[in-house]
Structure formats: structure tokens, C-alpha cells
Amino acid sequence: MILEEVLSKLIDHALKAGASYADARARRVEGTRVEVVDGGLREVRCGLEEGFNVRVLVEGTWGFASSSFVSPEESLRLVKKAISAAKALAGRVKQRAEVYPQSTLRSKARVKVKVPLNSVDLEEKVELAFKLNKESLSLDEKVKSATTVYSDAVETRAVYTSHGRYVEVETSYLYLSSLAYAFEAGLRQRGFKVHGGVGGFELTRSTEALELGVEAASMALRLLKAPPPPSGRFTCVLDPEIAGTFIHEAFGHACEADLVLSNSSILEGKLGTRVGSEEVTVVDDPMLEGLYGWYPFDDEASEGRRTVIVEEGILKSFLHSLETAISLEAKPTGNARAQGYSSRPIVRMTNTFIAPGTWKPEELLGETKTGLYVKGSNYGYVDTAKGLFSFKCKEAYLLENGEPSKLLRDVALSGLTLEVLINVDGVANDLKFNPGICGKEGQYVPVTDGSPHIRVKGVLVGGGS
Amino acid sequence: MELNAELPRLAVEQALKMGVEQAEAFATVARRVSVNAEKWDIKQATVSFTGGLAVRVIKQRRLGASYTSKLTPQSTYEAVKKAVKQASISFLEDVRLQGLPGPSKPTEVEGIWDPGLADLEPEDAVRFVSESLEASRIDPRLSSINISFSSVSRTVAIANSLGVEGEFKDSWARIDVEAVAKDGVEQASGYCPGWRRRLKELKGWMIAQEAAREALMGLGARKVKTQDLPVILSGLALHATISSISYALDAELVQRGRSFISNLLGVKAASPLLTIIDDATTPGGVRSRPFDAEGSPSKKVVLVESGVIKSCLHNYYTASYEGVESTGHAARNGGFSYNGRVGVAPTNLFVKPSGKGGAEDLASEAGRALLMKTTFDKPNLATGDFSAVVVSGFMVEEGSVTYPVKQAVVHFNLSDFMRNIDAVGGSLEEILDLQSPPILVSRARIAGSAI
């Protein structure tokens with residue numbers, strides 16, 4: 001039986017059993033992971049995961065059931081489980097859930113691929129990881145340890161909804177990472193670089209991919225001589241990688257409408273108000289081809305679309321699912337995503353970026369007499385209810401008379417969502433994107449963060465010197 | 001959903017027939033019931049069934065691995081075939097790979113299975129969450145309580161070609177509560193998790209009230225100046241610090257020189273007040289189990305004893321390379337995920353109490369200090385540098401806990417932290433998989449926002 005038929009039967013059963021709305025999803029992911037450590041093949045692992053789920057709305061309450069045991073009997077059992085889960089909430093819910101009505105649709109989409117991942121021999125993938133690992137280790141004798149990971153995944157997902165919508169999307173992901181450790185005189189430092197996107201094996205042939213091993217090792221070597229940063233508030237020029245993490249963490253999460261509705265976002269009630277300087281425009285766009293957060297349809301079968309979150313400093317829109325859109329009297333933005341077959345869709349970012357401005361990056365740096373030039377992102381997070389964010393940079397330079405001078409290590413930046421975009425006083429014209437994995441409520445999905453160089457005043461820097 | 005315990009044995013036999021020297025198969029099935037509530041209101045109940053099988057095979061010091069979420073004989077065969085193919089590709093062998101662990105008797109571990117959780121229905125979970133929500137209404141300034149609850153019952157089975165064979169059932173229930181409080185234009189939040197093997201041991205109402213109190217106590221937060229101060233670590237900030245030290249003792253990081261503790265084994269590198277134990281055999285411990293993710297028996301391991309670094313955490317790969325016994329800390333994605341790489345992970349961590357009392361007692365000893373209760377940051381394990389945003393923290397003045405602090409970052413190095421411990425409290429806090437008294441360190445840099 002074809003997928004569409006299987007899912008449509010589930011929806012029929014759900015509607016007959018009393019659901020006012022239902023959707024069903026199926027997901028199949030086949031992936032390969034190669035790990036080379038210190039010149040040896042630590043692991044080659046291939047895997048297959050598949051399963052499906054049903055979500056039902058019964059008298060304003062949600063039930064959800066999922067299973068990796070794929071069979072017709074199991075699917076019927078699953079519908080019953082979802083219905084009884086929804087009924088378990090009966091009488092306990094004050095606010096009845098609704099979903100934004102959608103028109104019917106049937107569509108299949110496939111990512112554009114030049115070299116399909118399954119057309120490439122495993123040996124070639126392993127060889128690439130070996131080559132990058134060797135390049136890390138042979139850059140300098142101080143580089144003593146390195147890990148290179150190649151991973152790819154081909155994913156097919158299908159969504160059927162009781163609005164009469166069926167979408168099927170085939171995507172392939174590729175992710176490369178290099179981690180290098182350098183040692184000198186009792187000091188130890190590490191460098192880390194990633195490259196990835198949506199597409200085929202051709203993604204490994206870009207300059208960024210080919211230089212990954214050398215870049216990670218160079219960073220570890222540079223950091224060997226770097227002291228920790230000073231503590232306090234500084235004007236910071238952020239490179240595109242850390243500025244991308246910055247917009248994702250400092251602002252993006254607080255725009256997710258489910259957090260707004262649960263009282264967990266500091267941006268509640270701020271639509272239409274100024275939240276940033278006129279220099280700042282922030283966009284979320286899953287339709288950007290080749291980027292890690294690409295999709296034409298989300299996990300509720302809504303069309304992916306470009307959403308301007310902030311326009312010249314004014315908060316214009318939150319990111320929505322079908323439920324949050326109707327609750328907040330907005331239109332769906334196609335941002336409902338689920339990590340896998342066992343996860344329910346929640347509101348997520350996709351490819352989120354600060355739109356390019358007019359400054360040249362060298363002008364931004366040149367006109368910053370004192371401060372920090374911060375580069376690369378290790379990780380970041382936000383407490384959206386407090387509006388408090390934190391992120392860690394890979395490296396940073398002291399700026400003296402507009403020139404990067406001393407290199408610093410382990411720089412941690414922190415600030416407040418409501419203050420931070422107001423403090424952006426310069427946006428350059430060199431927009432770049434970086435792939436990442438974003439976690440929320442235990443679900444991890446591929447995203448892209450993007451930005452040009454930006455300058456932010458009064459950023460709190462935590463350091464030890 | 002029952003696990004067919006024959007599948008791992010079948011997979012091992014098939015792999016050996018395909019010409020590998022050693023083979024291992026690991027399988028798991030789990031049932032999860034979850035409920036989430038937003039802004040005091042229950043939103044959704046979910047039931048999920050997951051399962052899968054992982055295969056590792058070794059041929060001429062080459063490791064091939066595969067996994068599948070389908071637990072049928074046919075998909076098992078496919079997974080075995082893939083793993084064998086990978087071990088046969090002609091690349092450099094892994095010189096550190098010594099094989100798979102041999103058979104040994106699993107450790108008897110009590111209190112990890114609650115039959116009540118295996119039968120838990122969404123109605124029961126909804127009732128639990130409703131009661132927790134109601135209990136949290138302790139102050140009109142609370143504007144929202146969000147709860148995420150889940151219960152899991154699971155079966156794990158493993159077999160390898162050297163004679164390892166084991167199976168266990170376990171269960172747990174976990175609640176995460178986020179509270180938001182508002183007073184005029186000011187907003188503060190609190191977060192508290194709870195995790196237990198048995199439902200009756202999980203006091204949802206208490207955890208919800210604790211999160212609510214943390215949010216209320218966060219109102220009126222003030223900025224502080226950049227300064228050096230003693231710091232008292234408690235709650236999730238204490239968890240982040242102690243668990244990071246245990247992660248830095250991952251033997252693979254240590255052997256490859258990647259950890260800030262790499263050269264400190266056997267060295268008195270910490271205050272004599274510090275003793276850290278990892279014990280996978282603790283009765284009822286949330287990470288207790290009879291054997292680890294490759295079938296080695298669970299053990300109690302002293303990591304730091306009176307300031308001396310005593311042991312790393314080993315799986316068979318790292319232990320056999322060093323010629324020592326595995327400490328039973330093999331983990332797949334930190335636990336027993338069939339789709340995870342086999343690495344190393346700590347289990348139940350325990351810090352030995354030394355002095356008397358809790359955070360308030362340490363505050364009175366410190367005089368002026370910062371009490372840091374929550375951060376979500378993590379340190380750089382290569383350097384030990386730790387810059388942690390104070391998500392929840394309080395100033396200690398004249399020996400008393402006073403006002404909440406906002407927009408501050410604490411910076412210290414984990415090596416310095418271990419050396420500069422001034423006091424370890426006497427009352428144990430239970431924070432997820434850690435039992436530890438609060439700890440006072442003599443000095444850390446606080447980056448503050450006050451001018």
C-alpha cells in the first residue's frame with residue numbers, strides 16, 4: 001500500500017472515532033556516520049529509522065500516538081491510543097484548542113541534488129574523513145589529536161491532514177565536522193569547524209568543506225597563546241557565524257508563538273512595537289535552497305514561507321503553527337516541525353537571519369575604537385521567559401583603534417532579548433549562513449543561522465582576566 | 001510491546017556466519033506516556049512506542065556498526081549485513097580496538113522497575129500533572145506554570161559472540177516545571193526538574209511549588225558590579241559543575257590528552273574536602289542498571305577521593321587499550337539508545353558531605369558571596385574554563401542570602417574550582433542524577449552589568 005493511502009486510512013479512522021481534526025505523519029531516515037580519530041577509523045555506522053504518528057483533536061483537546069512498529073494492525077491501535085489520550089484530557093482543559101483551517105492540497109517535493117548520497121561508495125565517504133583528519137594532524141606538530149566526522153541522511157517524510165492535504169518531501173542532509181586539539185608547554189586548546197547543508201555529496205566539494213581540517217587545527221594553534229577575556233560590558237563586532245547564533249538565541253526563540261502563548265516569551269504583547277534599531281531586519285525562510293533548515297512544507301503540511309519577524313526594528317510577526325496562528329489571530333507561517341516520527345510538531349525556526357545592511361565589514365571594525373571582535377560560535381541558549389541569553393564564541397580579538405590586536409579565548413557573551421537589538425548600531429553587507437542543530441523541548445532539528453557582520457553596544461562579556 | 005529476546009542472539013549468530021571475528025547485538029523497546037501543560041492548562045497527552053536494534057561487528061581490528069528501528073528477523077538480517085560490509089572495507093585498522101567484552105555476571109540492582117509505570121495510562125499522567133498544577137498556585141503574582149511530564153518503561157537486551165547475554169527492565173518518571181512570575185513590568189522565571197524510578201517517589205506538587213518559589217524569589221533582581229567573590233554552588237549550577245568534572249574523566253578524552261584532567265590521575269589536584277563517586281548500582285538510582293550499554297557489569301567507582309583524582313570512566317574500548325578492567329560506563333548516546341555511538345557516560349554521581357547544613361549555612365560561613373543556583377552553561381573540557389550565566393542567583397551579604405542578581409556571568413576554571421573549595425555542606429541536594437551538598441569556592445570572577 002502506498003504511503004498516502006495508509007495515512008489517509010488513519011485519518012478516516014480518527015474522524016470516525018470522534019476527532020474534529022487529525023493529522024498523520026510517516027518518516028523514514030537512512031543515514032551514514034563515519035568517525036576518524038587520530039588517523040584511525042573509530043567507527044562506520046549506518047542506520048535506518050522509520051515510524052509514524054497520529055495526532056487528533058477531540059472536543060478541543062489533543063491526543064498523539066506514535067510507533068516504530070509499522071503494520072496495518074499497529075496503525076489502527078495507534079489511532080485508538082491517540083483518541084483515548086485526547087479523551088483523558090476531557091473536562092480538564094480550560095482553553096479548547098483549534099486549528100487554522102487550510103484548503104486542500106496534494107504535493108510532492110524533492111531537494112535538488114547533483115550527486116545523490118546513495119550513489120557514492122562508503123569508501124569515498126571514509127576517504128574524505130581520513131583526508132580531513134590527516135590535514136588537521138599534519139598542519140603542525142603541536143596538533144596532537146583530531147576527530148573528523150562525516151554524516152549524511154536521506155529523509156522521506158509524509159503528512160496527511162483531515163483538511164485534505166497530503167505532502168511528501170524527500171530531503172538529503174550532509175554534515176561534516178572537524179575538531180582538533182593543540183598542545184604547547186602544558187597548555188591545551190581546541191578548534192572546531194562544521195560545514196553542511198541540504199543537498200548531495202557535491203556539498204563536500206566546496207572550499208569550506210575542503211578546508212575544514214586545516215581551519216579547525218589552525219584555530220586550536222592560534223588559541224594556544226590566547227588569554228581569557230576581560231569581564232564587563234563591551235562594544236562587540238560579531239562575525240557572521242556568531243551573529244547568526246546571536247539572532248537565533250537572543251531573539252529568534254522568543255518569537256516562537258507557542259512560547260508567547262505559554263507566557264514564556266518576553267516578547268508577548270510587543271507586536272508592532274520597536275524592539276530593535278532601524279538597522280535591524282530579521283527573517284525566517286525555510287525556502288532558501290541548499291540551507292540546512294530547508295523545506296517546502298512543514299510537519300502540518302503548511303507551505304514553508306518567508307516571514308519577516310523584525311522590519312527595521314519593528315516586531316512584525318511571530319512564527320506560527322496552525323494552532324498558534326488561530327489562537328493569536330494571525331496567519332500560519334509554516335513553522336511547525338517535529339524531530340522524528342515519535343515527536344509532535346512544535347513551533348521552530350528554519351533558516352533565520354539578519355538581513356544585510358549597508359556597512360562594509362572593514363568599516364564596522366575600523367570605526368570601533370575599543371571593544372571586542374568576536375568570531376565563531378560554540379553554542380548558545382536562551383531563557384525566553386526571562387529574556388536572558390548566553391552564547392560562547394570560538395575566538396575573539398581585542399579591538400584597539402579599530403584594529404584587531406590581542407587574541408582571547410573562551411569568550412562568553414550574554415544579554416537581554418529586549419535590549420539587545422536596540423543596541424545593534426551597525427549591520428554590514430556580507431550576509432553568510434551557517435548550519436546548526438537547534439534543541440527545544442528535547443527535539444533537535446536542522447537549522448541555519450545567518451547574518452552579516454554586526455556591531456552591538458554594551459554586551460556583557462564573562463571572562464577571567 | 002514485548003521485546004523478542006531472541007533477536008540479539010540471532011543477529012550475533014548471523015554475523016559470525018558472515019565471517020566476522022566478533023559480534024554484538026543490542027535491542028531495546030520502550031513505551032512512553034507524556035503530558036504537557038502550558039499556562040496552567042493541560043494541552044496534550046501522547047503515547048509512543050519505540051524500539052530498535054544495534055549491531056557491532058569486528059573484523060581484523062575494524063569496527064562496523066548499524067542500527068534499525070524495525071525489530072523483525074528480516075530487518076535484523078539487513079542490519080547485520082550492513083555492519084559486516086562496513087567492517088570489510090579496506091581502510092586502516094583501529095590500533096586501539098581490542099575487541100568486545102567477555103561474559104561476566106550482571107550486578108544486582110534494586111528499585112529500577114516500577115510495574116505501575118509500565119501500565120500507566122494517559123488518564124493517570126493527566127491526573128498527576130493536574131495535581132501538580134493546582135499545588136503550584138501559591139501566589140497571585142505567578143502568571144504561568146508550564147509542565148512537561150513523561151513516564152517510560154523499557155526493556156534492554158544484549159548478546160555478544162564472547163558469551164555476554166543480559167536483559168533488564170527499567171522505568172522512570174520525569175517532570176520539568178517552568179514558572180513565570182510578574183510584578184508590574186517586571187518578569188522572572190524559575191525552572192525545576194524532578195526524576196525518579198517510581199512514580200510514587202516523584203513529588204510533582206513539591207517540584208511545581210519549588211519552581212514557583214524560584215520565580216517569585218527572582219522578582220526584584222538587581223545588577224551587580226564586576227568583582228571577585230566567593231561563590232556557593234547549589235542546584236543546577238552545582239550539577240553542571242560536578243557532572244562536567246565526571247565527563248572530563250571520560251577515559252577516551254583522558255587517553256587522547258583532550259581533557260583538562262588528562263595528566264592529573266593519581267595527583268592530589270583538588271581540595272581534601274572533595275570526594276566524588278559514580279555509582280551505577282545505587283538502589284533506585286535514576287541511572288542505575290545491572291550492566292552498561294555493552295554488557296559489562298555495573299560498578300561503584302571513586303572518581304575523586306579526598307582531593308586525589310582516582311579513576312577515569314571506562315568502556316571496554318578504553319579499558320582494554322590501557323590494560324585495565326572496564327568500569328562499566330559504556331553508553332549509547334549517554335544511555336541505552338539503539339541509534340547512538342558507543343561512548344562513555346557517568347551514571348549516578350555522589351559528592352560526599354563534609355561539613356554541616358545547606359546553602360544558607362555556607363552563606364553564613366562565606367559572609368559576602370554569590371549563591372548561584374541555576375545556569376544552563378557548560379565548560380570547555382579541554383581547558384576547564386567555565387563561563388556561566390547566572391540564570392538564578394542571589395547575593396549573600398553579611399552571611400545572609402539577600403536579593404536576586406540579574407545579568408551576571410560567573411567565570412572560573414574547573415581546576416581552580418577543585419583546588420579552591422573552602423567548604424562542602426552537610427545536607428545532600430538531589431539534582432537529577434546527582435546527590436551533592438552545596439559547595440563554597442573561595443573565589444570566582446563575577447562579570448556584572450552595574451556601572
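Analyst: The model is predicted, and every value below is computed from it. Two packed helices are described by the angle between their axes and the distance between the axes.

In chain B, the pair is helix α1, residues 6–17, and helix α2, residues 73–87. Their axes come within 9 Å and cross at roughly 40°. Angles under 35 degrees would count as roughly parallel, so α1(B) and α2(B) are instead oblique to each other. The crossing of α1(B) past α2(B) is right-handed. On the α1(B) side, the residues that meet the partner are Leu7(B), Leu10(B), Ala11(B), Gln14(B) and Ala15(B). On the α2(B) side they are Pro73(B), Thr76(B), Tyr77(B), Val80(B) and Val84(B). Sorted by class, this contact of α1(B) with α2(B) holds 8 nonpolar and 2 polar residues, with no charged ones.

In chain A, helix α3 (residues 122–137) packs on helix α5 (residues 212–223) at an angle of about 30°, with the axes 7 Å apart. Because angles under 35 degrees count as roughly parallel, α3(A) is described as roughly parallel to α5(A). Here too the crossing, of α3(A) past α5(A), is right-handed. From α3(A), the contact takes in Leu132(A), Glu135(A) and Ser136(A). From α5(A) come Leu212(A), Gly213(A), Val214(A) and Ala217(A). By class, the contact of α3(A) with α5(A) has 4 nonpolar, 2 polar and 1 charged residues.

With a relative accessibility of 7%, Lys440(A) counts as buried, the cut-off being under 20%. The side chain of Lys440(A) makes a polar contact of 2.9 Å with the side chain of Asp258(A). Leaving aside residues up to four places away in sequence, Lys440(A) touches Asp258(A) along with Glu256(A), Leu259(A), Ile346(A), Val347(A) and Arg348(A).

The remaining two residues are in loops. Glu59(A) sits between β2 (40–58) and β3 (61–67) of chain A. Its phi is near 45°, a positive value in a residue other than glycine. Glu59(A) has a relative accessible area of 58% and is exposed. In chain B, Asn333(B) occupies the loop between β12 (330–332) and β13 (342–344). Asn333(B) is not a glycine, yet has a positive phi of about 55°. At 55% relative accessibility, Asn333(B) counts as exposed.

Key:
Residues numbered from 1 in each chain as written. Chains lettered and ligands numbered in written order. Predicted model: local features only at pLDDT ≥ 70, side-chain atom pairs only at ≥ 80, totals over all residues. Heavy atoms only, no water. Buried < 20%, exposed > 50% of the residue type's maximum accessible area, 1.4 Å probe, protein only. Polar contact = N/O pair within 3.5 Å; in protein donor to acceptor, adjacent residues only side chain to side chain. Contact = heavy atoms within 4.5 Å. Axes fitted to C-alpha atoms, helices over the stretch in contact; angles between N-to-C directions. Helix = DSSP H or I, 4+ residues; strand = E, 2+ residues; numbered from the N terminus. Parallel < 35°, antiparallel > 145°, perpendicular 65-115°, else oblique. Left-handed = near helix turned anticlockwise from the far one by under 90°. Nonpolar A, V, L, I, M, F, W, Y, C, P; charged D, E, K, R; others polar.
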